[in-house]
Number of protein chains: 2
Amino acid sequence: MNILITSGGTSEKIDQVRSITNHSTGQLGKIIAEHCLANGATVTLLTTEKAVKPAPHEQLTIRMIENTNQLLLAMRELVPAHDVLIHSMAVSDYKPIYMAGFEEVLASSDMTEFLDKSNSQSKISSADDYQVLFLKKNPKIISKVKEWNPNIRLIGFKLLVDVSQEELLTTARSSLIKNQAELIVANDLAEISSGLHHAYLVGQNTVTEAFSKEDIAEKLLDHIQKGGRL
Amino acid sequence: MNILITSGGTSEKIDQVRSITNHSTGQLGKIIAEHCLANGATVTLLTTEKAVKPAPHEQLTIRMIENTNQLLLAMRELVPAHDVLIHSMAVSDYKPIYMAGFEEVLASSDMTEFLDKSNSQSKISSADDYQVLFLKKNPKIISKVKEWNPNIRLIGFKLLVDVSQEELLTTARSSLIKNQAELIVANDLAEISSGLHHAYLVGQNTVTEAFSKEDIAEKLLDHIQKGGRL
């Protein structure tokens, strides 16, 4: 079985010296990859430079990307050749398009002009007391997966912060349906620490709880091996 | 001799899942620290979690910070107890204060209102096609060093991107005077790669060129040991 796993967090450059980065150590993706390899799967791990990675393994290929656009291009290429996608990467929702001093923005009669601008400096000047950064929404890569490969078994992730269990499950189920996923692993940052990782594996009519990264990895593998039923 | 070295790059949180980070591997600060230790100095290294660090050493203390405010507090405490400061950290010029959807900003009759707002959500919603992030200038820590310790020997760094040699040297000299530094190490990102690191050590009336991180570290140490004359 060919399994594609994404891990780590993407970064979007503001200029040559600074970026907006989505936090993710890559630890969960690493553990999932190790479990898949130990059970005989062939794994492609799509990750970032800073993410932790599994030890080299004959059945493991690692590919690195930095930003959402590179991720999109790599997934468009890789998704058709895989049976399962476990998409645990923290993907940037927005990318910077233009940064301006607050006075420049205040003086504008039509702010939409900034949406078409881009900075010509390689390092944006830092004279103003306040700056304004305009950002544009990135394409939602998970929504394209089934177009690229209608047969791939899609396992998505949803991370929220400090919400109720009800909101977490509702959000996960809505993502499940919208993206035609088989399973969404829903977790709340407030319930993740080094030892603990509370998550819900949300299927169409099922919810399975897990309590650590190892536990999530084992239950995911269980799910995959049973062909889609938890 | 007690030498305080800063290295790595600071990060400023946008919300609980993403930050703006200044790129810096910490490699140069690491090599400078190693040279100082090898020559008998006692070193305090103020750095970040992601920066590379020297091997443990009896005369080395490592302290970690994440953002500019933590750096300011740590330096205010540490600067009075040191003879030399080598401030190579890439410090964030701005910190996020409020992020809003573009429509919300367009609809405002007085944009200054956003400068006093803060996001109540732990993870900012991502419904809008465009978002606007308001940022506030951070205090310039280097300008406070001599207030905290008038006798400390201050060595600053100035990184520009793809500028002329003239602009680089002019900017460095202006920073030297403004911050009462003894030396500014001026470098251009376009002239830094894994093997190469071109820099100018700019003093009041001197400019010394260096061509690698080791070369910079050696010339800095030379300068320090000669008591301030290159």
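**The contact between the chains**

Author: Chain B and chain A bury about 3700 Å² between them, with 61% of that area on carbon and sulfur atoms. The model is a predicted one. Of the area that chain B buries against chain A, B:His23, B:Tyr94 and B:Tyr130 supply 15%, more than any other three residues.

Reader: How many residues does the contact take from chain B and from chain A?

Author: It takes 38 residues from chain B and 38 residues from chain A.

Reader: Which elements of chain B give two or more residues to the side that touches chain A?

Author: They are strand 3 (18-22), strand 7 (94-101), helix 3 (102-106) and strand 8 (130-137) of chain B. Strand 8 of chain B contributes the largest share, eight residues. By class, the residues of the side of chain B that touches chain A comprise 20 nonpolar, nine polar and nine charged.

**The relation between the copies**

Reader: Why are the two copies described as related by a two-fold rotation axis?

Author: Chain B is superposed on chain A by a rotation of 180 degrees with 0.0 Å of shift along the axis, at an RMSD of 0.0 Å. The two copies are therefore related as by a two-fold rotation axis. Of the residues of chain B, B:Ile20 comes closest to this axis, its C-alpha lying at 2.2 Å.

Reader: How do you know that the copies meet through the same surface?

Author: Of the interface residues of chain B, 100% are also interface residues in chain A, and therefore the copies meet through the same surface.

**The domains of chain A**

Reader: What does the domain assignment of chain A give?

Author: It gives domain 1 (2-93 + 139-226) and domain 2 (94-137). The centres of domain 1 and domain 2 of chain A, taken over C-alpha atoms, are separated by 33 Å. The contact takes eleven residues from each of these two domains of chain A.

Reader: How many salt bridges does the rule find across the interface of domain 1 and domain 2 of chain A?

Author: The rule finds zero salt bridges there.

Definitions and conventions: Residues are numbered from 1 along each chain as its sequence is written. Chains are lettered from A and ligands numbered from 1 in the order in which they are written. This is a predicted model: local features need pLDDT of at least 70, side-chain atom pairs count only at pLDDT 80 or more; totals for chains, interfaces and linings use all residues. Side-chain values use heavy atoms; hydrogens and water are left out. Copies are superposed by least squares on the C-alpha atoms of residues with pLDDT of at least 70 in both. Contact means heavy atoms within 4.5 Å. Domain bounds come from an automatic or database domain assignment. A salt bridge is a side-chain nitrogen of Lys or Arg within 4 Å of a carboxyl oxygen of Asp or Glu. Buried area is the accessible area (1.4 Å probe) that two parts lose on being put together, summed over both. Helices (H or I, at least four residues) and strands (E, at least two) are DSSP runs, numbered from the N terminus. Ala, Val, Leu, Ile, Met, Phe, Trp, Tyr, Cys and Pro count as nonpolar, Asp, Glu, Lys and Arg as charged, and the others, Gly among them, as polar.
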